[in-house]
Amino acid sequence: MRDVGIGLIGSGFIAEAHFEGFSHVPAAAVRGVASPTPGNAARFAAKRGIPRHHTDYRALIEQPDVDVVCIGAPNDLHRDICVAAASAGKHVICEKPLATTRDDAAMLADLARRSAAVTAVPFVYRYYPTVREARARIAADEAGRLHFLHGSYLQDWLALVGDTNWRVDPAHGGASRAFG
């Protein structure tokens with residue numbers, strides 16, 4: 001039995017996180033990466049020893065040795081990439097949010113239900129130790145009666161005045177941006 005072939009779409013922060021995760025799965029092998037930005041996929045692949053890179057996600061989806069397509073592209077691209085991957089019979093892991101509109105998300109959920117492929121949207125923050133600890137304390141009634149609970153996940157990226165990227169542009173990130 002051969003390894004499960006992974007294709008990464010995207011070459012930024014979340015692609016790095018998914019690559020790291022897959023590197024700890026003995027039966028998984030990242031076989032390709034795609035990014036439309038010239039040079040990004042090539043640099044990502046070279047740094048991590050990934051055999052192939054593409055500037056068009058369709059070429060990655062067409063690789064016969066790719067079984068799972070892991071989507072870490074800007075939110076406004078999720079819908080089309082998910083449809084292409086599912087239509088090609090690939091399993092799909094799509095970073096959140098699944099889509100930028102409710103209608104697109106409903107269509108993708110229906111496509112997933114009708115597909116023989118495994119589909120997933122990872123919500124990894126729920127597994128962070130602090131989140132699990134808070135959940136356990138609330139479940140054990142150690143926190144008392146809650147009326148309001150507020151949490152923060154502070155980061156310093158985009159902290160400088162000139163910092164920007166697709167995540168803060170509603171046309172690419174959607175109304176909820178990366179956390180929908």
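Which side chain meets that of R137 in a salt bridge? I looked this up in a predicted model. The partner is E133, at 2.7 Å from N to O. I found both residues in helix α6 (residues 129-139), four residues apart, about one turn of the helix. R137 is partly exposed at 45% relative accessibility, and E133 is partly exposed at 40%.

Next entry: the other salt bridges. I noted a count of nine salt bridges. One of them joins R79 and D104, with the closest N and O atoms 3.2 Å apart. R79 lies in helix α4 and D104 in helix α5 (residues 102-114), so this pair ties together parts 25 residues apart in sequence. I read a relative accessible area of 32% for R79 and 22% for D104; since buried means under 20%, D104 counts as partly exposed.

I also checked D56, which pairs with R58 at 2.9 Å between the closest N and O atoms. D56 is partly exposed at 32%, as is R58 at 44%. I then found R31, R52 and D65 linked in a network of salt bridges.

Next entry: the sheet. I traced six strands in an open sheet, in the order β3-β2-β1-β4-β5-β6, with parallel pairing. The edge strands, β3 (52-54) and β6 (119-120), each pair on one side only. I followed β1 (residues 4-9) alongside β4 (residues 68-71) and noted four bridges; G7 has V69 of β4 as its bridge partner.

Last entry: helices on the sheet. Helix α1 (residues 13-22) touches β1, β2, β4 and β5, and its direction makes about 170 degrees with that of β1. Helix α4 (residues 78-87) touches β1, β4 and β5, at about 165 degrees to the direction of β5.

Technical notes. Residues numbered from 1 in each chain as written. Predicted model: local features only at pLDDT ≥ 70, side-chain atom pairs only at ≥ 80, totals over all residues. Heavy atoms only, no water. Pairing = 2+ DSSP bridges. Helix = DSSP H or I, 4+ residues; strand = E, 2+ residues; numbered from the N terminus. Contact = heavy atoms within 4.5 Å. Axes fitted to C-alpha atoms, helices over the stretch in contact; angles between N-to-C directions. Salt bridge = Lys/Arg side-chain N within 4 Å of Asp/Glu carboxyl O. Buried < 20%, exposed > 50% of the residue type's maximum accessible area, 1.4 Å probe, protein only.
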